[in-house]
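Please examine the sequence and the fold shown here before reading on. The paragraphs below are meant to be followed alongside them.

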Amino acid sequence: MALTDEGRVPERAYKAMQANELGLGFGIALAERVVKSWYPDHVVSVVDAGVALMAGWSLGGSEPSKGSRSRPDFAIEAWKPGEPSKIVLVASKGNHQLPSKRARRTLRTATRQLARSSEQAEGLHVGPWNTTPCLLVSTELAGQGGIVVNALQAPGIGQLDLPRNALPRSFDSEAEDHNWPYLGQVPRPRRDAHRNEGTDGFQISEDRAAWFAQVVARTGAAGLAAFVGGGRTTAQYLTKRQGRRFYDVPTFAGSSSIHDADITVGDTKFVGTDHVFRLNTVRVVAFSGIAEPLYPLLAQGRVEEYRRQAYALRSYWQRLGSSADWDGPISFREDGTVMALRILNT
């Protein structure tokens, strides 16, 4: 892959924004592929870690000068109906560099970004301290030199096992808000037998595993609903602390995405929303949607049934070809969602 002409010589303000957005994008793409290779019989979903954690903790420190509390950018959930979910944490950043002229500076920047990502990932522990798998990514947008993705992997378990004799929470029911403590809450191995040690962080202990599995599943469902034109369909999956009120309002095409578009690929209809944006003088239409049989399950809050049906059909979407009604690239995911692009002819 390579940058466009505009990407090679961007203005300073745009340069930082582009590096940030593309860095996140490449990091997520890499993480999805890696996690899928670890769990080939699971479906992989991407969940914003900050949104998920809002349901259980305050994300800001008690002192304004300390700013927000460190946490990974995303949690990758590998799920399969009837089995505990696996969680992999992802922290990803990007930068603009010219390796041919600034090799040392490029290395320093990537190293700093990976170090910062490590600090972020250390903020969330699924299970005991230091047992959560992580992927840390730094993407270099290297001008004429192409695109370089640097990654570090930390091994771990990250499985949301339920306590013995505990009843699983239904993903269809509303998740509870909590306000758990953050400071010194992650137990660490003792260096001194007479002293307990703990580090600051978000701790998913065994007794919180069922709650966190529910929150992650419902936060993922909220993301799907927003992807296909959310509004109140999105709001039902969020808790009060996650900002439900911001989505539980009327939506309008001029200010938000509306669930009012569709395309047909093969014998399957996909419903969702579309947007028109410009690439210089070229106008592009982007459609994002989900298979029509799956959408009512999301709209009705039936996450459990949605996951069962999406899992059963996960290999079907990849066999779909192009659409006679859509003259552009189409990308399908195992969860039944689709994104399609085409140039808008005028």
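Predicted model: local features only at pLDDT ≥ 70, side-chain atom pairs only at ≥ 80, totals over all residues.

Residues are numbered from 1 along each chain as its sequence is written, and side-chain values use heavy atoms, with hydrogens and water left out.

Helices (H or I, at least four residues) and strands (E, at least two) are DSSP runs, numbered from the N terminus. Five strands make up an open sheet with mixed pairing, in the order β1-β2-β3-β5-β6; two strands pair if DSSP finds at least two bridges between them. At the edges stand β1 (43-48) and β6 (147-154), each of which pairs on one side only. On average, neighbouring strands of this sheet are turned by 25° against each other, direction ignored. Strands β1 and β2 (residues 74-79) run antiparallel and are joined by six bridges. Within β2, tryptophan 79 is the bridge partner of valine 43.

Helix α5 (residues 209-227) lies across β1, β2 and β3 (86-96), at about 85° to β1. Such axes are lines fitted to C-alpha atoms, for helices over the stretch in contact, and angles run from 0 to 180 degrees between N-to-C directions. Of the 19 residues of α5, 16 are buried, so the helix is largely enclosed by the rest of the structure. Here buried means under 20% relative accessible area, exposed over 50%, and partly exposed in between (1.4 Å probe, protein chains only). Just after α5, glycine 229 adopts a positive phi of about 105°.

Back in the sheet, serine 138 belongs to strand β5 (residues 134-141). Serine 138 is buried, because its relative accessible area is 0%. Leaving aside residues up to four places away in sequence, serine 138 touches several others, among them Lys93, Asn95, Gln113 and Val149; contact means heavy atoms within 4.5 Å. The side chains of serine 138 and glutamine 113 are joined by a polar contact of 2.7 Å. A polar contact is a pair of N or O atoms within 3.5 Å; within protein, one must be able to donate a hydrogen and the other to accept it, and residues adjacent in sequence count only if both atoms are side-chain atoms.

Glutamine 318 sits in the loop between α8 (303-312) and β13 (330-332), and counts as partly exposed at 49% relative accessibility. The side chain of glutamine 318 reaches the backbone oxygen of phenylalanine 332 at 3.3 Å.
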